[in-house]
Amino acid sequence: MTQHLTRGLLIAIEGIDGSGKTAQAQRLAEHLTNQGYEVMLTHEPTDSPYGRKIRSLAHSGRAALTADQELKLFMEDRKLHVANVIAPALEAKQIVVTDRYYFSTIAYQGARGLDPSAIQQANEAFAPRPDLVLYLNVSPETGLDRIRQARGEEPNLFERAEMLRDIRSIFASIDELFFVEIDAERNADDVFKDILSNVEYALSYVHIHQPA
């Protein structure tokens with residue numbers, strides 16, 4: 001049976017590299033689809049020219065760009081993402097599940113020395129605030145071990161313990177009612193149970209409360 005929402009719902013899954021975001025985002029989207037919801041599963045960086053540039057730099061070396069230049073790439077990529085994917089899906093009253101959103105930019109570019117508050121303000125000038133952010137919290141050591149096991153290769157520039165500690169610290173400092181921390185050191189099934197509990201609460205709110 002198709003589930004009809006009173007409005008769209010935007011869910012972001014965040015965390016340091018190796019926290020399990022991508023697998024959990026895919027699992028959540030599949031679960032919600034099976035429950036009859038219309039779901040848009042997406043990710044950042046996107047496949048736009050800006051997103052492809054960001055991914056290529058992750059392997060070739062981000063040190064070639066200043067923090068401000070890198071931030072601009074992420075912002076331009078996100079503007080296209082919002083305009084072409086997120087906003088239309090929300091308008092169609094779908095559930096958007098995004099693997100990373102602007103909170104990653106706050107944390108990662110903040111770790112490069114930029115002001116996290118200024119990054120958030122600049123993004124929220126055009127990007128819709130999410131209904132729910134699920135922050136999968138793991139230690140840098142756990143994240144790096146998972147990366148090595150999954151890829152069979154050494155982590156890239158941002159995937160270094162010292163950098164990830166700074167990124168994790170900024171994630172932990174985010175103080176928003178919709179920002180929920182989940183212990184992702186546990187097995188994937190237990191993490192998913194917590195994810196579902198929070199998503200079901202957000203969905204009940206959308207079902208109960210009519211938009212103004």
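The entries below follow the order in which I went through the model.

**Ground rules.** I noted at the start that this is a predicted model, in which local features need pLDDT of at least 70 and side-chain atom pairs count only at pLDDT 80 or more, while totals for chains, interfaces and linings use all residues. Residues are numbered from 1 along each chain as its sequence is written, and side-chain values use heavy atoms, with hydrogens and water left out.

**Entry 1, the sheet.** I took helices (H or I, at least four residues) and strands (E, at least two) as DSSP runs numbered from the N terminus, and I let two strands pair if DSSP finds at least two bridges between them. On that basis I found an open sheet of 5 strands in the order β2-β3-β1-β4-β5, with parallel pairing. β2 (39–43) and β5 stand at the edges with a single partner strand each, so one side of each is left without a neighbour in the sheet. I noted an average twist of 20° from one strand to the next; for angles, axes are lines fitted to C-alpha atoms, for helices over the stretch in contact, and the values run from 0 to 180 degrees between N-to-C directions.

**Entry 2, pairings across the sheet.** β2 and β3 pair in the parallel sense over 5 bridges, and here H43 stands opposite D99 in β3. β3 (residues 95–99) is joined to β1 by 5 bridges, again running parallel, and D99 has I13 opposite it. β1 and β4 are parallel over 4 bridges, with I13 opposite L134 in β4. Between β4 and β5, which run parallel, there are 5 bridges, and L134 stands opposite V180 in β5.

I used buried for under 20% relative accessible area, exposed for over 50% and partly exposed for anything in between (1.4 Å probe, protein chains only). In β3, 5 of the 5 residues are buried, so this strand is largely enclosed by the rest of the structure. I95, V97 and D99 point one way from β3, and V96 and T98 point the other way. In β4, 6 of the 6 residues are buried, so β4 is likewise largely enclosed; L132, L134 and L136 point one way, whereas V133, Y135 and N137 point the other way. I reminded myself that in a regular strand the side chains alternate between the two faces of the sheet.

Contact here means heavy atoms within 4.5 Å. Helix α1 (residues 21–34) lies across β1, β2, β3 and β4, and runs at about 165° to β3. Helix α3 (residues 67–91) lies across β1, β2 and β3, and runs at about 160° to β2.

How many salt bridges does the rule give? Taking a side-chain nitrogen of Lys or Arg within 4 Å of a carboxyl oxygen of Asp or Glu, I recorded 13 salt bridges. One of them joins R7 and D131, whose closest N and O atoms are 2.9 Å apart. R7 lies in the segment before β1 (9–14) and D131 in the loop between α5 (116–124) and β4 (132–137), so the pair ties together parts that are 124 residues apart in sequence. I found R7 partly exposed at 28% and D131 partly exposed at 25%.

E176 and R129 also meet in a salt bridge, at 3.0 Å from N to O. E176 sits in the loop between α7 (161–173) and β5 (179–183) and R129 in the loop between α5 and β4, 47 residues apart. E124, R129 and E176 are linked in a network of salt bridges. I also noted D194 with R186, where the closest N and O atoms are 2.7 Å apart.

Most residues other than glycine have a negative phi, and most peptide bonds are trans. A cis peptide bond joins E44 and P45, with omega about -5°, and P45 is placed in the loop between β2 and α2 (49–60). K93, in the loop between α3 and β3, has a positive phi of about 60° and is partly exposed at 44%. R100, in the loop between β3 and α4 (102–111), has a positive phi near 85° and counts as buried at 12%.
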